[in-house]
Amino acid sequence: MTDMEFLALTLGGQPSLPTPLPLNNGGRMEHVAEGVLCLAPANEFAPRVLLSAGVHGNETAPVELLDFLVRDILADKVVLGCHLMIQLANPAALRIGERYLDYDMNRLFDGAHRRHGGAREAARAAQLEALSAGFFAQAPAGVARLHLDLHTAIRGSVFERFAICPWLHGAQPDRGQLGWLSGAGIGAVLLHSAPSPTYSYCTSRTSGAVAFTLELGKARPFGHNDLTRFTGIDRAIRRLVAGEAATDPDVPPPRLFRARYDIIKHSEAFVLHLEDSVENFTPLPDGMLIAEDGEHRYVASGGEERILFPNPSVSPGLRAGIVVGPAD
Ligand SMILES: [Zn+2]
């Protein structure tokens, strides 16, 4: 078995890697597209797990975690107990360390790429969507399907690690998976209440996967990540890949929040009344004026609401933050 530096080869623009490679347990690894690997054990009925990272090119720590994971599978330090697809989603943006080149890729899934054909991210989102749909479609009926889309955030967070569960069209999130998240050190889960063009919504809706977007800490450039801050999620992912149950009954479940409404920036007159340094999930006192924009006023209500992803510098017409509250 040869060691292979998946990340370095992908970032170096290596067009094709030397695959398929046999794995020691009778499985094989295949390089199916730029930045995309498929690792298959001999057991056709093993669960299907998609791990994506680098949808935003400045969020490098999860990319490094996946690179180490692949190396350790090849070195037989991790036994492959699932069908695993690894996607380094936006290599072009990863190479320059920017969130994106032309358009935010995590607004281009579930077919939204068709409306932004000029953006370089659109073609890539379409390719990833097709690859993941094919990957999950090969699963025999009844086989578990899971997608974790790994991110880090620019801003600090009251809950250092949190998950976003895409809208499930009225269904409840999977309790076992919520337990897995808390075991992975995820302190909070935001339950979305509407469709969105994100990658996790796309695989949830089109492939019936249990899918989450995971925000795992601070975004830093390659070489500047403190990977010790990621050991909980790394361990949980390795247990998942090995096919081991990973729920710990002693760990309390994550706090559940639901999106109440989006703060929309209607015009350049928009003012956000929060400090630039405000963290995600910061509580909003009852009656606080959060933002205003001409006659639009956003006022906190009830004392249990919190702010998520505040960003006053978006273009007019776009979301400048989400107000969330506790879910039942
Ligand atoms: Zn991100």
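Quick housekeeping. This is a predicted model, where local features need pLDDT of at least 70 and side-chain atom pairs count only at pLDDT 80 or more, while totals for chains, interfaces and linings use all residues. Residues are numbered from 1 along each chain as its sequence is written, and side-chain values use heavy atoms, with hydrogens and water left out.

So, the layout. The chain splits into domain 1 (5-241) and domain 2 (260-326), with bounds that come from an automatic or database domain assignment. Their C-alpha centres sit 29 Å apart.

The 47-240 stretch is 34% helix and 20% strand, whereas 254-325 is 0% helix and 46% strand. Helices (H or I, at least four residues) and strands (E, at least two) are DSSP runs, numbered from the N terminus.

Now, where the domains meet. On the domain 1 side, 12 residues contact 13 residues of domain 2, contact being heavy atoms within 4.5 Å. About 1,100 Å² is buried between them, and carbon and sulfur atoms give 62% of that. Buried area is the accessible area (1.4 Å probe) that two parts lose on being put together, summed over both.

A salt bridge here is a side-chain nitrogen of Lys or Arg within 4 Å of a carboxyl oxygen of Asp or Glu. On domain 1, the side touching domain 2 has seven nonpolar, two polar and three charged residues. For those classes, Ala, Val, Leu, Ile, Met, Phe, Trp, Tyr, Cys and Pro are nonpolar, Asp, Glu, Lys and Arg are charged, and the others, Gly among them, are polar.

The structure as a whole does hold 14 salt bridges. Side chains of opposite charge can pair when their charged atoms come close. Take Asp67 and Arg71, whose side chains meet at 2.9 Å, N to O. Both are in helix 2 (residues 61-74), four residues apart, which is about one turn of the helix.
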